[in-house]
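Please walk me through this structure in plain terms. I would like to know what the chains look like and how they meet.

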Amino acid sequence: MTDTMPTPIQPHPTPRSVLRRVPPIVTVASAVAVVLLLWAVLVPLLNPADATAVDPARRFTPPGPDALLGTDHLGRDLASMIAVGLRTSILMALTVVAVSGALGWLVGAVGGYVGGVTDNVLGRLMDVFNAFPGIILAIALVTVLSPSYSALVLVLVLVTWVNYGRVIRARVLSLRREEYITASRMYGTSLGRILGRHVLPNTGDLLLSISLVQIPNVMLAESTISFLGFGLQPPQVSLGLLISSEKDYLQTNAMPVLVAGAVLVLACTSIATIGLYLRGKER
Amino acid sequence: MTQVRDETPVLDVAGLSQRFAGGSGHFWAAKDVSFQVAPAEAVALVGESGSGKTTVAQAISGLQAPTSGTVHLAGQDVVRLARTRRGRRDLAGRLQMVFQDPYSSLDPTKPVFQLVEESLLLSGLSRPQRHERVAESLDIVGLDPVQHARRPRELSGGQRQRVGIARAIAPRPQLLVLDEPVASLDVSVQGQILQLLDDIRTRENVAMLVIAHDLGVVRAIADRTLVMYRGSLVEGGATPRVFAEPAHPNTQGLLWSATAHGQQAMPTAAKIALATDAAPLPLADTGCPFRARCWRRTAECDTDVARVETEAHWFACNHPISASEEVADRVDVTA
């Protein structure tokens, strides 16, 4: 009975063996992401609560023990502003990704699984959303809805869910031909249960890797829209808003724009690098 | 087999036809297929690729409604049952399928125990009852508890197929439909799985319909063999009889090509005829479906085909190969 003998199982990867296989660029990106995350979480805890309050007496304070990175033209502590901006950015990105992931997954999975007219209608719907250039559509919509946090979330969901829908649909098209799905159908399992029991677990890897690419996209989109004045409004704090309000003082006090810009770029590229690495590993 | 034919059949397929649209118009994937399977009987459906075996299996399992004809499972109309989800749940308790590909037939994200339980989830059994059944089924197929928590990728092909068989027998069905159950397994493992299936048939008293292209598999497991060509049944009978004295040229051709020795022994005329590419037949065709590739055909094969029935053996051919005829190395092929 050779086939009932326990088969040799791949040894479980130890943390060290995983690290050895990860390309250095991904290690660096992960380190950067962790540092930025710590910044977002820890700096506001260390600084006084009113560090982001407007204080004309403290405008343009140079970096020092009082303000680690100096202050902006309204006297707000730059390190704290960036921490709060990062929080806003990350929280919004996570919210948008969660909602658009759920919506895109549902539309893609139902379309791909059910097929026929349903798939055609949902497919055309995705084509329509895909045809518009995302950021332009977002600006147009958020202007109509009047700029606010929730309007921005809604709009970003509308321009990102298609990225999930299309990929999930393609995967489900091949999944539904798998014999375990056929078997499940034979047992009289309902559509909802098949989607939940088989399709969701077998598309989880895609959800994760798309999300890791979408998070930096959403962060960048939020900053862009806020920078242009269509997104978050003061006194809300966002990296885009910070760059926007400080750009007029670029020649005299370049620190806020440079640091906020660098943080935004580092945050987006590090998460995108990790995401692309994970996506490439699946193939 | 003849002695079990008198009992009420588990499966009764009558006049089953399935029309599909192909590249060059419509064609019959199954044409007027009729046969029965008695309780605890193992019947094999053989034929080359595209002969319609899988189409018949799908109609029987309720996966695809036939164009015409009926399928009854223990007196219940399968086509009607398969239309509703409730009906399919009912059907799943009587008929289960073992799939060809043990990779694609098991959800890679689920552990073995859950995979087997899947066929019982909608059976109305309580959780403890289900778990008891699952453990029992896994024991029958020879998977020890160590393996219950493993996922398919941690199992060998043979072990996966055992999981697929455990899943199929867990609801204690009356009929198992096995679609090429060992075709994707190593030769060394094939024998073990066939032995297991044979044991299960005796132990669980379950009827089996085995779809196969490998005649070795059929001989090992089936009481009765049905040969299909282009959607039509062309010959059928007790397995030893069909193998020892095939009457239909298509059956003889399959037997020849099953072994290297048989291929050498094949007469040149048959070799040339069997290698011919046959054009699809029009829907209204009444002649022998095999005629384009037959080395024994005559003009009458274009319009008519004679059906000959003897005890434990029947065939549809105008020019059957008779038992007394010298056919090269027939014995050797079936030994």
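Chain A exposes about 14,100 Å², and carbon and sulfur atoms supply 70% of that area. Accessible areas come from the Shrake-Rupley method with a 1.4 Å probe, and for residues only the protein chains shown count as cover. This is a predicted model, in which local features need pLDDT of at least 70, side-chain atom pairs count only at pLDDT 80 or more, and totals for chains, interfaces and linings use all residues. Residues are numbered from 1 along each chain as its sequence is written, chains are lettered from A and ligands numbered from 1 in the order in which they are written, and side-chain values use heavy atoms, with hydrogens and water left out.

The C-alpha trace of chain A spans about 80 × 50 × 30 Å along its principal axes. Its secondary structure comes to 11 helices and zero strands; helices (H or I, at least four residues) and strands (E, at least two) are DSSP runs, numbered from the N terminus. Of the 283 residues in chain A, 45% are buried. Here buried means under 20% relative accessible area, exposed means over 50%, and partly exposed lies in between (1.4 Å probe, protein chains only). Among contacts (heavy atoms within 4.5 Å) in chain A between residues at least 6 apart in sequence, 72% join residues at least 24 apart.

Next comes a part of the surface. A:Leu46 is found in helix 2 (residues 24-46) of chain A, and A:Leu46 is exposed because its relative accessible area is 71%. A:Leu46 also belongs to a nonpolar surface patch with A:Val34, A:Leu37, A:Leu38, A:Val41, A:Leu42 and A:Leu45, with about 690 Å² of accessible area together. Patches are made of residues with over 30% relative accessible area and no salt bridge; like charges are joined within 9 Å, and nonpolar side chains (Val, Leu, Ile, Met, Phe, Trp, Tyr) within 5 Å.

Now to the place where the chains meet. The contact takes 37 residues from chain B and 25 residues from chain A. Chain B and chain A bury about 2,700 Å² between them, 52% of it on carbon and sulfur atoms; buried area is the accessible area (1.4 Å probe) that two parts lose on being put together, summed over both. The count between the two chains is one salt bridge, meaning a side-chain nitrogen of Lys or Arg within 4 Å of a carboxyl oxygen of Asp or Glu. A:Arg197 forms a salt bridge with B:Glu118, and the closest N and O atoms are 3.4 Å apart.

Over all chains the structure holds zero disulfides, a disulfide being a pair of cysteine sulfur atoms within 2.5 Å. B:Cys317 is in no disulfide, and the nearest cysteine sulfur, that of B:Cys294, is 6.0 Å away.
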